[in-house]
Amino acid sequence: MLIFLDTEFTALDWEKELLSLGMVSEDGQHHIYLEVREYEEKDCSDFTLEVVLKHFGKSPDAQCDYSDFGARLRSWFATLPGDHVIACDSDVDAWFLRLVLQGRFPTNVRPAVSAVGREFDGDEWELSLASYFQSHPHRSRHHALHDAWALRWAYHRLILGRAPEVDHD
């Protein structure tokens, strides 16, 4: 089963740091969202300060120390039935996942990450992502979990040719 991944980070430069991570299973039955409890605002871009961080602090269970991300993810993966492939639309997301897991993927997760959306021209994929947020106005772009749900939505609509059978709210 695919697990859709998205991350948010401090800036679009080489010194970026992970701020949040969201994942949702292909069947829509499982999801996880984590936020770094402490970060330096001085390390954040203006975009991150204005757009990303406004979503923080709304899910108290999601907040944890960066050092706990790996353990929390491993515990979550252990609850999932079957084998899994991570799917994301950014190499940065895959890089952060590898970093958090210290390069050691759980046994039920393949270490190779699948790129989704790249087989479509940018407009088609972006329009499908936008349709998710139009259909779910209470969800926001640049929230890692909401973006992971949007990736799942776009995958189902463009690759499988149908809307997801299970949705959240």
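Helices (H or I, at least four residues) and strands (E, at least two) are taken as DSSP runs and numbered from the N terminus. The structure is a predicted model, in which local features need pLDDT of at least 70 and side-chain atom pairs count only at pLDDT 80 or more, while totals for chains, interfaces and linings use all residues. Residues are numbered from 1 along each chain as its sequence is written, and side-chain values use heavy atoms, with hydrogens and water left out.

The chain contains 5 helices and 6 strands, which follow one another along the sequence in the pattern β-β-β-α-β-α-β-α-β-α-α. The radius of gyration, taken over C-alpha atoms, is compared with a globule rule of 2.2 Å times the number of residues to the power 0.38. The chain has a radius of gyration of 15 Å, close to the 15 Å that the rule gives for 169 residues, so it is as compact as a globular protein of that length. The C-alpha trace spans about 45 × 35 × 30 Å along its principal axes. Buried residues (under 20% relative accessible area, with exposed over 50% and partly exposed in between; 1.4 Å probe, protein chains only) make up 48% of the 169 residues.

Strands of a sheet pair through backbone hydrogen bonds, either parallel or antiparallel. Here two strands are said to pair if DSSP finds at least two bridges between them. An open sheet of 6 strands has the order β4-β3-β2-β1-β5-β6, with mixed pairing. Its edge strands, β4 (63-64) and β6 (109-115), each pair on one side only. Strand β3 (residues 31-36) runs parallel to β4 and is joined to it by 2 bridges; Val36 stands opposite Cys64 in β4.

Cys64 counts as buried, at 3% relative accessibility. A disulfide is defined as a pair of cysteine sulfur atoms within 2.5 Å, and the count by this rule is 0. The sulfur of Cys64 is 16 Å from the closest cysteine sulfur, in Cys44, too far for a bond. Cys88 is likewise buried, with a relative accessible area of 2%, and its sulfur lies 19 Å from the closest cysteine sulfur, in Cys64, again too far for a bond.

A pocket is an open set of points on a 1 Å grid over the protein atoms alone, where a 1.4 Å probe fits, with protein on both sides within 12 Å along at least five of seven lines; lining residues have an atom within 4 Å of a point. Of its 20 lining residues, the closest to the centre are Asp6, Thr7, Glu8, His142 and Asp147. β1 gives the most to this lining, with 4 residues.
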